[in-house]
Amino acid sequence: MHFQRMSKSFAAVALAGTSFFAATAAFAGEITVWCWDPNFNVAIMKEAGARYTAKHPETTLNIVDFAKADVEQKLQTALTSGTTDALPDIVLIEDYGAQKYLQSFPGAFASMSDTVDYSGFAPYKVKLMTVDDQVYGMPFDSGVTGLYYRKDYLEQAGFKPSDMQDITWDRFIEIGKVVEEKTGKKMLGLDMTDAGFTRILMQSAGQWYFDAEGNLSIENNTALKAALETQQKILKANIHKPAAGWTDWVGTFTSGDVATVTSGVWITGTVKAQADQSGKWGVAPLPSLGIEGATHASNLGGSSWYVVESSPEKKEAIDFLNEVYAKDVPFYQDILTTRGAVGSLMAARTGDAYMLADPFFGGEKVWQNFSDWLSKVPPVNYGIFTNEVDTAVTAHLPSLAQGADIATVLKEIQSQAEGQIQ
Amino acid sequence: MTAIPASRTGRAVPRVATYVALSVAAFVSVFPFIWMVISSTNTSIDIIKGKATFGSAFSNNVANFFAQVDVPLVFWNSAKVAILATLLTIAVSSLAGYGFEMFRSKMRDRLYSLVLLTLMVPFAALMIPLFMMMGKAGLINTHIAILLPTVASAFIIFYFRQATKAFPTELRDAAKVDGLKEWQIFLYIYVPVMRSTYAAAFVIVFMMNWNNYLWPLIVLQSNDTKTITLVVSSLASAYYPDFGVVMIGTILATLPTLLVFFVMQRQFVAGMLGSVK
């Protein structure tokens, strides 16, 4: 009764202000998308929309851009309150957070297993959106990693590009010592306020903060242990340039102060932004941790598209994603060329843009290499609480510099993470 | 006669200390603005490098901002929400403040404590129930959904009640003798007398509404209803934000609150001191 009265007065006020207050109504055939970054995700989705609507003129695409944290906040609020009509039809979710949404809100997102041929995508991208054998998303951009290195500095120190292929981190440190001795340059920038580097190393050996069942795995995580040990060795060898925060870290290589960069493929644009360094860079496979299960491929970041189950445009939305993101190879050439985006569809590598030899990298076919590594990224379970554990790991990184015992550090991370997850 | 200069020098030292402390405080509070203005003239790369001198990228940044953002629409949205919310909030909350002070009843102080108690409930706790209410009322993605929850502001009710304590009750009594009804007293006597209080409240509420972020973010769903705070947030969260453009956005977002403050500065100070004219 009370609520009825309230909604009546709401309605009265709303009516009084209809000319003044714009209310948008969704009509059939319009697919609404929420995502972040106007120059990347929004622009890419616009291109995808243009390709789809060219064949399906009855469909229109409405892309709304919010900040990444804002998309998450809105999604969380709408799902928690059960106000599903406040949700878009398609939403972009960062890969590290995918399992959190899929498992916390079962039934909120549409399974696309029946429509999409997932065998065409990088396996690790499919794994992160799978719950109980159902696959819920459309894999989008990848953060497949590589080791970017300055050929000129390494050459000065007496190393050829072949010396950088398929090395271990121990070998990397040895090379780093020689590079510093011969050129005075540090081997890499190390940001101890961010656990990104730790995550890259850990996933390269096929492990994560959680095991296959989703249980916290820190103390007995051999890959995490090796990742922390490697960083401690780097610190001890003093072949790093310390950085505080992301922009500072980016500054270590844009300024030419360090000889290598280890990051996701999306960093390519930033590396290439220094036109005066053209021809001086090469890209090698990620060094390996040298433990059991270690590989030369890993990932940092990336996100994927999800369709809301309750959406009236669900079928259309899935069809749109499937037509463009799962089949359109020329589309992937376009977004690589114009936006520097590397998708997760393996067939994309057969296109012209992926075949290109890049003069910035001395004519190397870098995209073919990244594409190779993409297929080899070890699938892991990102679990529900990656961000929480990440906080615990980040908090303990500085203690590595003080020579802390790794087993003790792992124990502390485990207990802090348990506290945060409770 | 020597006593006076002695006491003067005695005071000069603490005065110097006061000025030094005030200068430091002023610098700390003004520095972000200086940084913002300087950065708006630099390219994104220079800003990241920490360049603290004026550059030549200002017009380029402005052009990029206007190319990426539908500026008139976004400002119209922000201004509409902020001005309407401010007027409604002041109208409703000043009435409540007036009522709480003028009318005596047994329940008055209990009711008033209840109102003040709501100050302790964080907005995050209200957000989801509010969102469900707005959803059921069909007001999601409307500007009216932003202003409704802010109209009855416990803080402004409190502020008006405190200010009303200085309102001479003789005025009200005299007006009553002259035959004015309560609403006439409020409108023709109280409001003009308390105008500096209203001015101060206007500045505070306008700033709160103009800068309001979380609730508009939750309620607004489309590009054509977004306010400036949401637009700036979106620009800043790109993988590679163009900080020059972000700075232009923050400057433009800051200007209206600055303007309102400077225009009403005298009344604001008078209102905060609780003067009645």
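The model shown here and in the views below is predicted. Helix α16 of chain A spans residues 386–396, and T386(A), V389(A), A392(A) and V393(A) are its buried residues. Viewed down the axis of α16(A), these buried residues line one face of the helix, because they fall within an arc of 125 degrees. An α-helix has 3.6 residues a turn, so residues three or four places apart point the same way.

**Domain 1 and domain 2 of chain A meet through 25 residues of domain 1 and 26 residues of domain 2.** On the domain 1 side that touches domain 2, the elements giving two or more residues are α4 (95–104), α5 (123–127), β6 (137–150), β11 (299–307) and α14 (352–355) of chain A. The greatest contribution to this side is that of α4(A), with six residues. By class, this side of domain 1 of chain A holds 13 nonpolar, eight polar and four charged residues. The domain assignment places 28–143 + 300–355 of chain A in domain 1 and 145–299 + 363–421 in domain 2. Between the C-alpha centres of these two domains of chain A the distance is 28 Å.

**Strands β1 and β2 of chain A pair in the parallel sense over six bridges.** Strand β1(A) comprises residues 30–35, and strand β2(A) comprises residues 60–65. Within this pairing, T60(A) of β2(A) is the residue that stands opposite E30(A).

**Chain B is in contact with chain A through 31 residues of chain B and 34 residues of chain A.** On the chain B side, at least two residues each are supplied by α2 (44–49), α6 (123–136), α12 (214–219) and α13 (228–236) of chain B. Helix α6(B) provides the largest share of this side, six residues. The side of chain B that touches chain A consists of 16 nonpolar, twelve polar and three charged residues.

**In chain B, ten residues of domain 1 and seven residues of domain 2 form the contact between the two domains.** The side of domain 1 of chain B that touches domain 2 receives two or more residues from each of α1 (3–39) and α2 of chain B. By class, this side of domain 1 of chain B has five nonpolar and five polar residues, with no charged residues. According to the domain assignment, domain 1 of chain B covers 3–60 and domain 2 covers 70–273. The centres of the two domains of chain B, taken over C-alpha atoms, are separated by 31 Å.

**L116(B) lies in helix α5 of chain B, which comprises residues 108–117.** L116(B) counts as partly exposed because 14 other C-beta atoms lie within 10 Å. Leaving aside residues up to four places away in sequence, L116(B) touches A154(B) and F158(B). In sequence, L116(B) and M134(B) are 18 residues apart, and in space they are 24 Å apart, C-alpha to C-alpha.

Conventions:
Residues are numbered from 1 along each chain as its sequence is written. Chains are lettered from A and ligands numbered from 1 in the order in which they are written. This is a predicted model: local features need pLDDT of at least 70, side-chain atom pairs count only at pLDDT 80 or more; totals for chains, interfaces and linings use all residues. Domain bounds come from an automatic or database domain assignment. Helices (H or I, at least four residues) and strands (E, at least two) are DSSP runs, numbered from the N terminus. Ala, Val, Leu, Ile, Met, Phe, Trp, Tyr, Cys and Pro count as nonpolar, Asp, Glu, Lys and Arg as charged, and the others, Gly among them, as polar. A residue is buried if 20 or more other C-beta atoms lie within 10 Å of its own, exposed if 12 or fewer, and partly exposed in between; C-beta atoms are placed from the backbone. The arc is that of the directions from the helix axis to the C-beta atoms. Two strands pair if DSSP finds at least two bridges between them.
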